[in-house]
Amino acid sequence: MAPPLGNDVHTFRSVHRHSRRSVLGGLGGLAALGALGAAGCTRVASASDKPGGDLLERLRAQGVVRLGIAGEIPFGYIDKNGHLTGEAPELAKVVFKRLGVGRVQPVPTEFGSLIPGLNSQQFDVVAAGMYVNPERCQQVIFADPDYQMLDSFIVRKGNPLGLHSYKDVVAKKAKFATGTGYAEIEYAVGAGYKQDDILIVPDQVAGLNAVEAGRVDVFAGTALTVRAVVKKSGTAEATAPFAPLVKGKPHVDGGAFAFRSAETALRDAFNVELHKLKTSGELFRILKPFGFTRAEMTDLTAKELCGG
């Protein structure tokens, strides 16, 4: 999703700008981050001058790979029992085992610190379901996406205003909300919605509450998180997933693992195993417990999303 915007949007309450995605349900794993945070205090070994990097060789020798995570359900987090989980860590466990690295170790940080932390050697790889975009591709290299993501709305039952796109929100003059730092801010503004009129809430749980209370007509988020949060609501529902328009064209986001720019050998080896998992169907089986559906499986490439 898009980088956090400035302070000129109305805020539901003062919140820390975590990331491009919301933090679901208060992040049951955040309480455990302190216990595991010490893992981030030691830097990984310095980079090599070897073409393609030698990080994979060093990881095999160490037997452990350090994963930068941001405590975001369902992407990468510590659960209530203190265990590392999420779609990206579970995928990492499988891929790195195939690459000869038997153990993964979490290094919790804020989402906005993932790329700086990676490049300053605080961990070996970003395993946080990070969206691939041209700006980030200038700073790190990405594996091909392991999932794709469309948008969806939370609306009142029956969708009385008939809201199915950002253009509908503008045309119907609907009261619109989305989350802190969400790409959906930019998508709505691109469709003609006034940025100053957007209600910014901390996450999709707060968005659901705003719709249920009638403070807004619609909340926009990713199809995955919206689908999850409305399950127990008796008065709200999720719209069908859709691709927002960017420069007049449908846009689909994709999330992937990030590596330091010099470590092309590790990225390439990771991609080989990732594509095997896609072909066999194992990737879907890994991601399904975290709410992903076959609609989120993708053949998008990092090159496409980087604008290359």
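Asn 159 sits in the loop between strand S9 (151–156) and helix H6 (166–171). Helices (H or I, at least four residues) and strands (E, at least two) are DSSP runs, numbered from the N terminus. Asn 159 has a positive phi of about 45 degrees, although it is not a glycine. With 11% relative accessibility, Asn 159 counts as buried. Buried means under 20% relative accessible area, exposed over 50%, and partly exposed in between (1.4 Å probe, protein chains only).

This is a predicted model, in which local features need pLDDT of at least 70, side-chain atom pairs count only at pLDDT 80 or more, and totals for chains, interfaces and linings use all residues. Residues are numbered from 1 along each chain as its sequence is written, and side-chain values use heavy atoms, with hydrogens and water left out.

**The whole chain**

pLDDT is the predictor's confidence in each residue, from 0 to 100. The chain averages 87, and 84% of the residues score at least 70. Over residues 1–42 the pLDDT is below 50; this stretch still has 110 contacts in the model beyond near neighbours in sequence. Contact means heavy atoms within 4.5 Å.

The chain has 308 residues, and 55% of them count as buried. Its secondary structure comes to twelve helices and 16 strands. Take the contacts with a separation of 6 or more: residues 24 or more positions apart account for 73% of them. The accessible surface comes to about 13200 Å², and 53% of that belongs to carbon and sulfur atoms. These areas come from the Shrake-Rupley method with a 1.4 Å probe; for residues, only the protein chains shown count as cover.

**Cores and strands**

A nonpolar core is a set of buried Ala, Val, Leu, Ile, Met, Phe, Trp, Tyr and Cys residues joined through side-chain atoms within 4.5 Å. The largest one has 40 residues, of which Leu 67, Phe 96 and Phe 257 touch the most other members. Apart from it lies another core, of 19 residues, among them Val 107, Leu 118, Val 126 and Ala 256. In soluble globular proteins, nonpolar side chains tend to be buried together.

Leu 67 touches residues beyond four places away in sequence, including Leu 84, Pro 89, Val 104 and Phe 123. Strand S2 (residues 64–69) pairs with S5 in the parallel sense, over six bridges. Two strands pair if DSSP finds at least two bridges between them. Ile 69 stands opposite Pro 108 in S5. Strand S5 (residues 103–108) is mostly covered, with five of its six residues buried.

How far apart are the end C-alpha atoms of helix H3 (residues 87–98)? They are 17 Å apart. At 1.5 Å a residue, its twelve residues should span 16 Å, so the two values agree. The expected span is 1.5 Å times one less than the number of residues. The buried residues of H3 include Leu 91, Ala 92, Val 95 and Phe 96. Just after H3, Gly 100 takes a positive phi of about 90 degrees.

In helix H7 (residues 183–190), Ile 185 and Tyr 187 are among the buried residues. H7 is followed by Gly 192, whose phi is positive, near 110 degrees.

**Buried residues off the helices**

| Residue | Relative accessibility |
|---|---|
| Thr 239 | 9% |
| Glu 263 | 2% |
| Ala 220 | 0% |
| Gln 121 | 14% |

Thr 239 is found in the loop between strand S13 (236–238) and strand S14 (245–246). Leaving aside neighbours within four places in sequence, its contacts include Asn 159 and Ser 152.

Ala 220 lies in strand S12 (residues 218–222). Its contacts beyond four places in sequence also include Ser 152, along with Tyr 182 and Glu 184. Ala 220 and Ile 185 are 35 residues apart along the chain, and their C-alpha atoms are separated by 8.6 Å.

Glu 263 lies in the loop between strand S16 (253–259) and helix H10 (264–280). Among the residues it touches, not counting those up to four places away, are Gly 52, Asp 54 and Arg 58. Glu 263 and Val 125 are 138 residues apart in sequence, yet 9.9 Å apart in space, C-alpha to C-alpha.

Gln 121 is found in the loop between helix H4 (114–119) and strand S6 (125–131). Its phi is near 70 degrees, a positive value in a residue other than glycine.

**A cis bond**

Which two residues does a cis peptide bond join? They are Ile 73 and Pro 74, with omega about 5 degrees. Pro 74 is found in the loop between S2 and strand S3 (77–78).
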